[in-house]
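Reader: I would like to go through the salt bridges of a protein with you. Could we begin once the structure is on the screen?

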Amino acid sequence: VGRAQRRRLPGALLQPLVLHPVRQRLLLLGLLTGLVLVANGQHDFARLTQRAEELYRLGDFEGALLAYDSLAVRAPGQAIVLYGRGRTYFALERFARAIADFDSCLAYDNRYAQAYHYRGMARLALGELPAAETDLDHALALDSTLWEARVNRGLVYLDQQRYAAALEDFGAVLAERPTADAVWYNRGRAYGYAGNYPAAEADFRRAIQLNPADASYHYGLGTAKLYQYDFSAAVAAYQNCLTLDPTYGDALYSLGYTYHQLGERETCCYYFGKAAALGHAQAATYLRRLCD
């Protein structure tokens, strides 16, 4: 959690003052009134911040955004508010607005690790890979326990085709968090892109063991089996994927491709047709080439 920078009072204001007794009492009354107002303001700020974060956790991102907008008006320059609103913009996939808020947050608190982390994710979403990598490096330098930032840096490395670096980051996380199914899946992807299909298969199977309800894990397993020329196992994995998500276009396309390899033209064209109907461009190309 970030903190707004605390401004130092000028030295002259810290010097003791000698006042007339009546003026002392009036000043004391004014100070007490001010303290009450400050305390009430701090209470309202904490309450509104808590409400904004609660709305965010509940998935009411539009409601959270309204709450953070109100906080930004009441207490401008608060790093925690700018971070919270930026994170909400990120959840709404308004990445440019998110980055603007994280920029402002870091201008007030340049050691706010999660702000670097989320700004890195927003930049990754926009395809700004070098900037995303820099932000995630900053986040991890400030807080090495941010395992999600390490995973996201691994995803940057994947997009940059730096598979050894991606494998290193995913492996470091799995050594500490062996039940993180999404990390097993992403390491499987890295192994697959690197051409190590048996290792990819093993990681996809581990991800499925931990979370069998994720269609993408079954799709990954199917692709690992396809590249090992185990077509029957690939078909079974793709079918499991489609049982979980019948609109998974890549699985429909890959089933068509697998049946093409098996020489089953009618079944191949059926799956290419279903994928093409969902807007899958490669499936449409194969459908025209092989099935017209």
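This is a predicted model: local features need pLDDT of at least 70, side-chain atom pairs count only at pLDDT 80 or more; totals for chains, interfaces and linings use all residues.

Reader: What do the side chains of D203 and R187 form?

Author: They meet in a salt bridge, with 2.6 Å from N to O. D203 belongs to helix α10 (residues 197–210) and R187 to helix α9 (residues 181–193), so this pair ties together parts that are 16 residues apart in sequence.

Reader: Why can such side chains pair at all?

Author: Side chains of opposite charge can pair when their charged atoms come close.

Reader: How many salt bridges are there?

Author: The count comes to 15 salt bridges.

Reader: Which residues are linked in a network of salt bridges?

Author: The network links D103, R119, R123, E128 and D135. Within this group, the side chains of R123 and D135 meet at 2.8 Å, N to O. R123 lies in helix α5 (residues 113–125) and D135 in helix α6 (residues 129–142), 12 residues apart, and the pair links distant parts of the chain.

Reader: Is R123 buried or exposed? And what about D135?

Author: R123 has a relative accessible area of 17%, and because buried means under 20%, R123 counts as buried. D135 is buried as well, at 1% relative accessibility.

Reader: Changing topic, which residue forms a salt bridge with E54?

Author: The partner is R51, and the closest N and O atoms are 3.5 Å apart. Both residues lie in helix α1 (residues 21–57), three residues apart, which is about one turn of the helix. E54 is partly exposed at 33% relative accessible area, and R51 is partly exposed at 41%.

Key. Residues are numbered from 1 along each chain as its sequence is written. Side-chain values use heavy atoms; hydrogens and water are left out. A salt bridge is a side-chain nitrogen of Lys or Arg within 4 Å of a carboxyl oxygen of Asp or Glu. Helices (H or I, at least four residues) and strands (E, at least two) are DSSP runs, numbered from the N terminus. Buried means under 20% relative accessible area, exposed over 50%, partly exposed in between (1.4 Å probe, protein chains only).
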